Amino acid sequence: MTATHHEMANAIRFLAVDAVQAANSGHPGMPMGMADVATVLYTKFMKFDPKATKWADRDRFVLSAGHGSMLMYALLYLSGVDDVSMSDLKNFRQMGSKTAGHPEYGHVDGVETTTGPLGQGITTAVGMALAEKMLNARYGNDIVNHYTYTIAGDGCLMEGISQEAISMAGHMKLSKLIVMWDDNEICIDGNTNLTLSDDQCARFAASQWNTIKVDGHDPVAIEAALVKARASDKPTLIACKTTIGYGAPTKAGSHDVHGAALGADEIKGMREGLGWHSPAFEIPQNILEAWRSAMAKNSADREAWESRLDKLDAASKAEFVRTAAGKLPAGWEDALNAFKKKTAEEKPKLATRQASGKVLEVLTAAIPEMVGGSADLTGSVNTKTPSTKSVLNTDFTGRYIHYGVREHAMSAVMNGLSLHGGFIPYSGTFAVFANYMMGGIRLSALMGKRVVYVLTHDSIGLGEDGPTHQPVETLAMLRSMPNFNTMRPCDMVETAECWAVALKSETTPTGMILTRQALTPLRTTHTDENLSAKGAYVLADADGKRKVTLMATGSEVEIAMKARDLLQADGIPTAVVSMPCWELFDAQGAAYRASVLGEGTVKVGVEAAMRFGWDKYIGSEGGFVGMTGFGASAPAPELYKHFGITAENVVAQAKARL
């Protein structure tokens with residue numbers, strides 16, 4: 001017996017309510033309300049092969065309203081994804097289960113991105129749609145031609161990042177991006193009229209989107225809306241008027257069904273009301289077969305695509321496969337090493353933001369999948385190179401994205417570019433605005449994606465712009481992030497080495513923390529070895545048995561070197577340790593770390609930032625020359641003197657502890 005649409009949608013509803021009930025934790029209301037929309041999308045439109053979940057030309061689906069994760073898991077189980085079993089659904093939200101409270105990238109096949117922090121999903125989807133458009137411009141419709149769909153809730157659209165996302169997507173004319181808004185008028189506190197009076201369709205239309213309103217429980221209307229959306233020359237918002245907790249006899253339409261188990265009596269009444277006679281976690285065979293049959297048809301599409309890929313010329317196919325797999329091209333390290341050698345010989349005195357720009361000229365010429373950008377700060381952050389022409393809404397062959405003043409969206413869009421595959425994204429802004437990007441940065445780290453954040457103007461060294469722009473706390477904040485490499489190089493050679501590490505770090509994002517002011521070149525003898533890859537190393541050893549160890553990062557390394565000269569002149573053997581990346585140093589063996597830190601020596605840390613975190617290297621009794629509060633507005637040299645970040649003060653700190 002063939003299953004009806006309503007039976008197929010009810011399979012989602014009951015898997016969701018049964019899993020949340022078993023866990024006594026979760027969010028059943030959204031899956032219940034959007035089950036009709038999701039059923040139409042998956043069974044009639046989604047180009048997704050459950051037996052090849054990483055097929056490069058598949059449609060992408062992002063559950064931006066990630067709290068409704070049982071919708072995602074139910075869809076994957078019903079579709080026939082081998083990685084999601086009924087046992088996994090029964091273990092929803094339990095220790096060690098892949099079916100976590102919010103969908104997590106890398107835990108479950110078919111989950112394209114981690115969602116839960118509202119607004120991140122819709123913005124990541126913009127990045128995926130942009131990646132599709134850019135790859136399509138390179139390989140054509142036969143190889144790259146797919147849609148990006150996302151389900152977003154009221155909360156996603158309340159978050160400020162959503163405005164950045166829809167503005168950018170509308171401007172870029174990302175016509176294969178389709179957002180299905182769960183318009184149920186409910187938030188956690190109650191009705192959304194407590195919170196907002198927005199006309200969301202007018203809002204999206206003002207940002208150059210196509211908008212459609214539809215009854216989210218009418219499968220015929222939903223199908224017609226999706227057909228229309230797919231034919232649009234703009235991104236599309238489909239406003240799906242739904243009832244949260246659809247089918248629950250007393251709780252449907254209320255905030256009571258948003259984030260709690262329904263309870264046995266409510267579920268019993270729901271089964272009776274919807275005519276669902278199967279016990280918990282049992283799907284009638286005809287309904288399961290209908291789902292599996294609907295999704296199995298995509299195997300033919302995948303096989304046809306594989307045939308088209310095989311017909312590409314050998315070089316184009318190899319490049320597509322390589323970049324999709326995230327593997328770097330041959331020869332890029334040779335080009336970078338030659339540049340590093342030339343730099344050591346020429347000894348240029350540059351700000352590390354400028355040094356990074358020079359390094360990027362080499363890297364972007366050698367690695368065509370690198371895609372740059374900035375938050376309207378291109379001339380300041382030095383992220384555009386001769387190899388990276390601008391990406392325009394009329395020409396997607398470029399490699400440089402003008403994000404505008406949209407730092408938060410920039411981070412999430414870069415995540416989307418990375419998750420989609422085919423590109424290695426990097427973009428720049430001032431370091432202080434990492435605060436604006438932390439939602440996206442955190443997800444880069446949580447998902448283990450190679451995304452590079454170029455963060456310049458990194459201290460009081462930026463000078464006259466003052467404390468609003470001087471990031472005294474930002475280094476500590478970034479260093480506290482698990483699986484994130486915070487790199488602060490001291491000159492152009494270290495900058496090149498840090499970029500090499502960032503590109504090799506396939507599962508770790510990187511923050512490149514760079515100066516506004518010019519720095520004295522300190523690495524003037526070439527070595528093929530990447531010293532910065534160890535996180536910290538002895539830049540200048542002591543003349544004699546070491547008594548003092550000075551540790552510094554970035555612009556303060558040259559101050560430590562001057563202090564060493566003064567201490568050595570006074571007969572105090574002193575070593576200088578450059579520490580471009582604490583995280584990499586902490587990963588080294590104990591013997592190496594001890595040899596660098598100089599056991600039994602006086603230790604002084606030097607960094608134009610707060611002391612927070614330094615004590616694990618210098619000890620609570622160690623000296624520290626840096627900031628104790630916010631900065632001020634003045635020329636940089638005056639600020640360094642005013643705040644005591646000088647070689648003379650470093651010497652005084654060391655001598656006081658001898």
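This is a predicted model: local features need pLDDT of at least 70, side-chain atom pairs count only at pLDDT 80 or more; totals for chains, interfaces and linings use all residues.
Trainee: Which residue classes make up the contact of H1 with H3?

Mentor: H1 passes H3 in a right-handed crossing. The contact is formed on the H1 side by Ala11, Ile12, Leu15, Ala16 and Ala19, and on the H3 side by Met70, Leu71, Ala74, Leu75, Tyr77 and Leu78. By class, this contact has no charged and no polar residues, but eleven nonpolar ones.

Trainee: Is Gln470 buried or exposed, and which backbone oxygen does its side chain reach?

Mentor: Gln470 sits in the loop between strand E12 (452–456) and helix H19 (474–479), and because its relative accessible area is 1%, Gln470 is buried. Leaving aside neighbours within four places in sequence, its contacts include Ser459, Leu462, Gly631 and Ala632. At 2.8 Å, the side chain of Gln470 reaches the backbone oxygen of Ala632.

Trainee: Where does Asn24 lie, and what is its phi?

Mentor: Asn24 belongs to the loop between H1 and helix H2 (29–44), and with 65% relative accessibility it counts as exposed. Its phi is positive, in a residue other than glycine, with a value near 55°.

Trainee: What is the relative accessible area of Glu185?

Mentor: Glu185 is placed in the loop between strand E3 (177–183) and strand E4 (186–187), with a positive phi near 60°. Glu185 is partly exposed, its relative accessible area being 35%.

Technical notes: Residues are numbered from 1 along each chain as its sequence is written. Side-chain values use heavy atoms; hydrogens and water are left out. A crossing is left-handed if the near helix is turned anticlockwise from the far one by less than a right angle, and right-handed if clockwise. Helices (H or I, at least four residues) and strands (E, at least two) are DSSP runs, numbered from the N terminus. Contact means heavy atoms within 4.5 Å. Ala, Val, Leu, Ile, Met, Phe, Trp, Tyr, Cys and Pro count as nonpolar, Asp, Glu, Lys and Arg as charged, and the others, Gly among them, as polar. Buried means under 20% relative accessible area, exposed over 50%, partly exposed in between (1.4 Å probe, protein chains only). A polar contact is a pair of N or O atoms within 3.5 Å; within protein, one must be able to donate a hydrogen and the other to accept it, and residues adjacent in sequence count only if both atoms are side-chain atoms.
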